[in-house]
Amino acid sequence: QVQLVESGGGLVQAGGSLRLSCAASGSILSINVMGWYRQAPGKQRELVAAATSGVSTNYADSVKGRFTIARDNAKKTVYLQMNSLKPEDTAVYYCNAEARTYSDYQLRNYWGQGTQVTVSS
């Protein structure tokens, strides 16, 4: 199994910044993609940003130019630097990892417990 532990959420004023962190642990053989999703009340969960084990990244159009995703493969950790935050960024942010474990070598999706980000106007 893979455990994902997130940290860094909180309350911030519009225009401010937050940095989210997510550390993976467990019997991990490899991690393909690590990323962040978010879900606002009454809305579907959506991709915010994702990073492969190499240098490839992908961002939602709504966060391009404001958010930056980064991975530390040695630490099995992914970060999301969020700048110029807007009230519409308010949501629960979930860490996601596509990983293989030593238990069965199958590629599976894993989720963190979520961290609340609230941006006040």
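**View 1. L29, Y102 and Y105 make a nonpolar surface patch of about 310 Å².** Patches here are built from residues with over 30% relative accessible area and no salt bridge, joining like charges within 9 Å and nonpolar side chains (Val, Leu, Ile, Met, Phe, Trp, Tyr) within 5 Å. A salt bridge, for the record, is a side-chain nitrogen of Lys or Arg within 4 Å of a carboxyl oxygen of Asp or Glu. The areas come from the Shrake-Rupley method with a 1.4 Å probe, and for residues only the protein chains shown count as cover. This is a predicted model, in which local features need pLDDT of at least 70 and side-chain atom pairs count only at pLDDT 80 or more, while totals for chains, interfaces and linings use all residues. Residues are numbered from 1 along each chain as its sequence is written, and side-chain values use heavy atoms, with hydrogens and water left out.

View 2. With a relative accessible area of 35%, L29 is partly exposed, a label for anything between buried (under 20%) and exposed (over 50%), using a 1.4 Å probe and protein chains only.

**View 3. T101 is tucked away in strand β9.** Its relative accessibility is 1%, so T101 counts as buried. Leaving aside residues up to four places away in sequence, T101 touches Q1, V2, S27, I28, L29, Q106 and Y110, where contact means heavy atoms within 4.5 Å.

**View 4. R108 sits in strand β10 (residues 107-111).** Its side chain makes a 2.4 Å polar contact with that of D104. Beyond residues up to four places away in sequence, R108 touches A97, E98 and A99. R108 is partly exposed, with a relative accessible area of 38%. For a sense of reach, its C-alpha atom is 36 Å from that of A14, which is 94 residues away along the chain.

**View 5. Strand β8 (residues 77-82) is largely enclosed by the rest of the structure, because five of its six residues are buried.** On one pairing, β8 runs antiparallel to strand β3 (residues 18-26) over six bridges, with A23 standing opposite T77. Strand β7 (residues 67-72) also pairs with β8 in the antiparallel sense, again through six bridges, and I69 has L80 as its bridge partner. Two strands pair if DSSP finds at least two bridges between them.

**View 6. K76 lies in the loop between β7 and β8.** The hairpin of these two strands has four residues between them. Phi of K76 is near 55°, a positive value in a residue other than glycine. K76 is partly exposed, at 32% relative accessible area.

Note on methods: Polar contact = N/O pair within 3.5 Å; in protein donor to acceptor, adjacent residues only side chain to side chain.
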